[in-house]
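User: I would like to learn how to read the features of a structure like this one. Please take me through them briskly.

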Amino acid sequence: NRLDNMDWVQWTNGTGEDRFTLLPVKDDYAEHIVIDKINIIDWINLDADKLYGISKLMDGIKAGVGRGIAIPVLQKGEGAATARGGQFVKDFTDCELLIDKFTDQESMLTIGKVKEYTRPVIGRTFAFGIFKGVKIINFREIVKCPACFGKKWKKVGNTSAPCDTCLRSGYIDI
């Protein structure tokens with residue numbers, strides 16, 4: 001259904017064959033990388049007691065991609081600073097994008113590690129919505145609220161009150 005909603009992409013070639021290969025990979029991710037192509041791995045799942053293994057796994061993926069691109073998707077706990085695997089995730093990451101819930105209708109993207117950049121980008125945050133499960137809408141940069149400093153509540157006398165500047169989101173649009 002989501003592919004059908006992406007009406008801006010031609011998913012098949014002239015003979016009706018798919019222009020991509022979908023593989024049901026559950027482990028040995030690096031062995032399934034197609035050199036010099038875009039490789040999306042949605043998603044990598046490791047046993048909870050072996051999360052440190054993500055570093056070696058990412059190294060294998062990166063080594064096999066050649067001049068292509070690997071986009072591995074990892075799970076992240078809500079509000080966590082890194083994906084499952086912690087600092088080991090960053091060992092072989094060139095660009096890290098972290099996605100969290102922002103509001104009931106929107107998500108927040110934070111730029112994590114970026115290996116090479118021409119201007120400061122690390123830590124910048126953006127809010128966006130998703131239409132029909134595939135189209136990014138209302139994409140905009142946001143910053144921590146200056147009234148509550150991102151805490152969603154501000155001090156009022158001896159108590160705290162919901163921040164009316166950011167409407168308890170912790171962020172405001174730039």
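Analyst: Start with exposure. A residue is buried under 20% relative accessible area, exposed over 50%, and partly exposed in between (1.4 Å probe, protein chains only). This is a predicted model: local features need pLDDT of at least 70, side-chain atom pairs count only at pLDDT 80 or more, and totals for chains, interfaces and linings use all residues. Residues are numbered from 1 along each chain as its sequence is written, and side-chain values use heavy atoms, with hydrogens and water left out.

User: How do I read salt bridges, and how many salt bridges does the whole structure hold?

Analyst: Side chains of opposite charge can pair when their charged atoms come close. The test is a side-chain nitrogen of Lys or Arg within 4 Å of a carboxyl oxygen of Asp or Glu. The whole structure has 9 salt bridges. One of them pairs E96 with K90, at 2.7 Å from N to O. Both E96 and K90 are buried.

User: Which residue forms a salt bridge with K62?

Analyst: D94 does, with the closest N and O atoms 2.7 Å apart. K62 sits in helix α2 (residues 54-64) and D94 in the loop between β2 and β3, so the pair ties together parts 32 residues apart in sequence. Helices (H or I, at least four residues) and strands (E, at least two) are DSSP runs, numbered from the N terminus. K62 is partly exposed because its relative accessibility is 29%. D94 is also partly exposed, at 35%.

User: Where does K115 lie, the other partner of D94?

Analyst: D94 and K115 form a salt bridge with their closest N and O atoms 3.8 Å apart. K115 is in the loop between β4 and β5 (125-131), while D94 is in the loop between β2 and β3, so this pair ties together parts 21 residues apart in sequence. Shared partners join K62, D94 and K115 into one network.

User: Now cysteines. How many disulfides does the structure hold?

Analyst: A disulfide is a covalent bond between the sulfur atoms of two cysteines. The cut-off is a pair of cysteine sulfur atoms within 2.5 Å. The structure holds 0 disulfides. Take C148: the closest cysteine sulfur, in C166, is 3.7 Å from its own, too far for a bond. C148 is buried, at 2% relative accessible area. C95 counts as partly exposed because its relative accessibility is 48%.

User: How do I read a surface patch, and which residues form the nonpolar one?

Analyst: Patch members have over 30% relative accessible area and no salt bridge; like charges are joined within 9 Å, nonpolar side chains (Val, Leu, Ile, Met, Phe, Trp, Tyr) within 5 Å. Here I38, I40, I69 and I71 form a nonpolar patch, with about 400 Å² of accessible area together. Areas come from the Shrake-Rupley method with a 1.4 Å probe; for residues, only the protein chains shown count as cover. β1 (38-42) and β2 (69-73) each supply at least two residues of the patch. I71 lies in strand β2 and is partly exposed, at 38%.

User: Last, pockets. How much space lies in the second largest pocket?

Analyst: Rolling a probe the size of a water molecule over the atoms shows where empty space is left. On a 1 Å grid over the protein atoms alone, a pocket is an open set of points where a 1.4 Å probe fits, with protein on both sides within 12 Å along at least five of seven lines; lining residues have an atom within 4 Å of a point. The second largest pocket holds about 360 Å³. Of its 18 lining residues, G79, D100, K101, M108 and Y171 are closest to the centre. β3 (95-101) and β4 (106-114) are the elements giving two or more residues to this lining. β3 gives the most, with 3 residues.

Methods:
Grid points are joined across faces, edges and corners, and a volume is the space filled by probe spheres set on the points.
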